[in-house]
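Please look over the sequence and the model before reading on, and keep both at hand while following the text.

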Amino acid sequence: MQTLLGFDFGKQRIGVAVGQSITGTATALCTLHARNRQPEWDRISELINQWQPDALIVGLPLHADGSDSDITRAARRFARQLEERCRLPVHTMDERLSSHAAEQLQRQDKAAAKAGTDAIAAMIILQNWLETHNTHD
């Protein structure tokens, strides 16, 4: 069984979710706020110490045609920094439309509404990664 942490990267906020490979499910955890355009590295370290993940998944916000944008490059940089700081495998996952899906889920589910859009988007990214990963195993 693997425990994974998923991240919905943004320059102002980063959604975080946790998932398990054995169940193939993810749960929204929290939203972290950037300070001076920097992630809350101390808080990320706390979450990693708490959950002891085997790997980290970072959503890549690609354009509709699959090309990179400025935020995509920032998300890739965040993924590299995570890997360097945490010494864990970091995988990326196409996150196109995850924020839109998160907003729809929040309208339909009161519990999801409390978690916040960014954390729900991280859950969707991680859930999609788990589904894709399990399909290819």
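This is a predicted model: local features need pLDDT of at least 70, side-chain atom pairs count only at pLDDT 80 or more; totals for chains, interfaces and linings use all residues.

Residues are numbered from 1 along each chain as its sequence is written, and side-chain values use heavy atoms, with hydrogens and water left out.

The chain has five helices and five strands, where helices (H or I, at least four residues) and strands (E, at least two) are DSSP runs numbered from the N terminus. Read from the N terminus on, the order of these elements is β-β-β-α-β-α-β-α-α-α. Of the 137 residues, 46% count as buried, that is, they have under 20% relative accessible area, whereas exposed means over 50% and partly exposed lies in between (1.4 Å probe, protein chains only).

Helix H2 covers residues 70–86, and its 17 residues should span 24 Å at 1.5 Å a residue, which agrees with the 24 Å between its end C-alpha atoms; the expected span is 1.5 Å times one less than the number of residues. The buried residues of H2 are Thr-72, Ala-74, Ala-75, Phe-78, Ala-79, Leu-82 and Cys-86. They cover an arc of only 160 degrees around the axis, which puts them on the same side of H2, the arc being that of the directions from the helix axis to the C-beta atoms. The face turned away from this buried side carries the exposed residues Asp-70 and Glu-84. The buried residues of H2 pack against strands E1 (3–8), E2 (13–20), E4 (55–60) and E5 (90–94), and against helix H1 (41–51), with contact meaning heavy atoms within 4.5 Å.

H1 and H2 pack at an angle of about 60 degrees, with their axes 12 Å apart. The two helices are therefore oblique to each other, a term for angles that are not under 35 degrees (roughly parallel), over 145 (roughly antiparallel) or 65 to 115 (roughly perpendicular). Trp-41, Ile-44 and Ile-48 of H1 make the contact with Phe-78, Gln-81, Leu-82, Arg-85 and Cys-86 of H2.

Strand E2 also holds Gly-15, which counts as buried because its relative accessibility is 0%. Not counting residues up to four places away in sequence, Gly-15 touches Gly-6, Phe-7, Asp-8, Cys-30, Thr-31, Asp-118, Ala-119 and Ala-122.

Key
Axes are lines fitted to C-alpha atoms, for helices over the stretch in contact, and angles run from 0 to 180 degrees between N-to-C directions.
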